[in-house]
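Keep the sequence and the structure in view while reading.

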Amino acid sequence: TEVAPIDLMSEYCTPKVAGEKKKVVFAHFGEMEVMDQKTNPPSPQMLKCVFFYEKQGEHIKCVSNGSKRLVGALESMHLAQGTMLMVEYLGKKKNSTNSNMSDDWSVKPLVRR
């Protein structure tokens, strides 16, 4: 047998600058335990995340993100597992319902030519 070039352990992906893009394959939705930094002391909470596969060099890595705006948008699309996407981080955007800022995203399907 040989080891497949896929790492199934998820790495939480947080974009740093607007314009950052990733070509990914949609895997699934799931929950991850994260520390809630708004509580003192920080306490664990479950965060709904989207999981993707991304090619990184010669290997494929599982990456996840828990942005509510991204997760909500992808859930509403009812994506099939294996859907190829270009996910672009657009930066922070002011919420329409409160004074907070949230991550803003662009999600486009990738097609084979």
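## The cavity

The model, which is predicted, has 1 cavity of 30 Å³ or more. The volume of the largest cavity is about 120 Å³. Its lining is made up of 14 residues, and those nearest the centre are Cys13, Lys22, Asn65, Val87 and Trp105. At least two lining residues come from each of S2, strand S4 (59–65) and S5. Rolling a probe the size of a water molecule over the atoms shows where empty space is left.

Trp105, one of the residues nearest the centre of the cavity, belongs to strand S6. Is Trp105 buried or exposed? Its relative accessibility is 15%, so Trp105 counts as buried, the cut-off being under 20%. Between the C-alpha atoms of Trp105 and Gly57 there are 24 Å, and the two residues are 48 apart along the chain.

## The largest pocket

The largest pocket holds about 720 Å³ of space. It is lined by 22 residues, with Lys38, Leu47, Gly66, Ser67 and Lys68 closest to its centre. Which elements give two or more residues to this lining? They are S2, S3, helix H1 (68–77), S5 and strand S6 (101–109).

## Strand pairing

Strand S2 (residues 21–36) runs antiparallel to strand S5 (residues 84–94), and 5 bridges join the two. In this pairing, Lys23 is opposite Met86 of S5.

S2 is also joined to strand S3 (residues 43–56), again in antiparallel fashion, by 11 bridges. Val25 has Tyr53 in S3 as its bridge partner.

## Salt bridges

Side chains of opposite charge can pair when their charged atoms come close.

Lys48 and Glu75 also meet in a salt bridge, at 2.5 Å from N to O. Lys48 is part of strand S3 and Glu75 is part of helix H1, so the pair ties together parts 27 residues apart in sequence. Both ends are partly exposed: Lys48 has a relative accessibility of 40%, and Glu75 has a relative accessible area of 29%. Another salt bridge connects Asp104 with Arg69, where the closest N and O atoms are 3.8 Å apart. This pair links distant parts of the chain, since Asp104 is in strand S6 and Arg69 is in helix H1, 35 residues away. Asp104 counts as buried at 18% relative accessibility, while Arg69 is partly exposed at a relative accessible area of 31%.

## The loop residue His78

His78 is located in the loop between H1 and S5.

## A nonpolar patch on the surface

Which residues form a nonpolar patch on the surface? They are Ile6, Leu8 and Ile60, and together they have about 260 Å² of accessible area. Leu8 sits in strand S1 (residues 6–12). With a relative accessible area of 61%, Leu8 is exposed.

Note on methods:
Residues are numbered from 1 along each chain as its sequence is written. This is a predicted model: local features need pLDDT of at least 70, side-chain atom pairs count only at pLDDT 80 or more; totals for chains, interfaces and linings use all residues. Side-chain values use heavy atoms; hydrogens and water are left out. Patches are made of residues with over 30% relative accessible area and no salt bridge: like charges are joined within 9 Å, nonpolar side chains (Val, Leu, Ile, Met, Phe, Trp, Tyr) within 5 Å. Accessible areas come from the Shrake-Rupley method with a 1.4 Å probe; for residues, only the protein chains shown count as cover. A salt bridge is a side-chain nitrogen of Lys or Arg within 4 Å of a carboxyl oxygen of Asp or Glu. Helices (H or I, at least four residues) and strands (E, at least two) are DSSP runs, numbered from the N terminus. Buried means under 20% relative accessible area, exposed over 50%, partly exposed in between (1.4 Å probe, protein chains only). Two strands pair if DSSP finds at least two bridges between them. On a 1 Å grid over the protein atoms alone, a cavity is a set of points where a 1.4 Å probe fits but cannot get out, and a pocket is an open set with protein on both sides within 12 Å along at least five of seven lines; lining residues have an atom within 4 Å of a point. Grid points are joined across faces, edges and corners, and a volume is the space filled by probe spheres set on the points.
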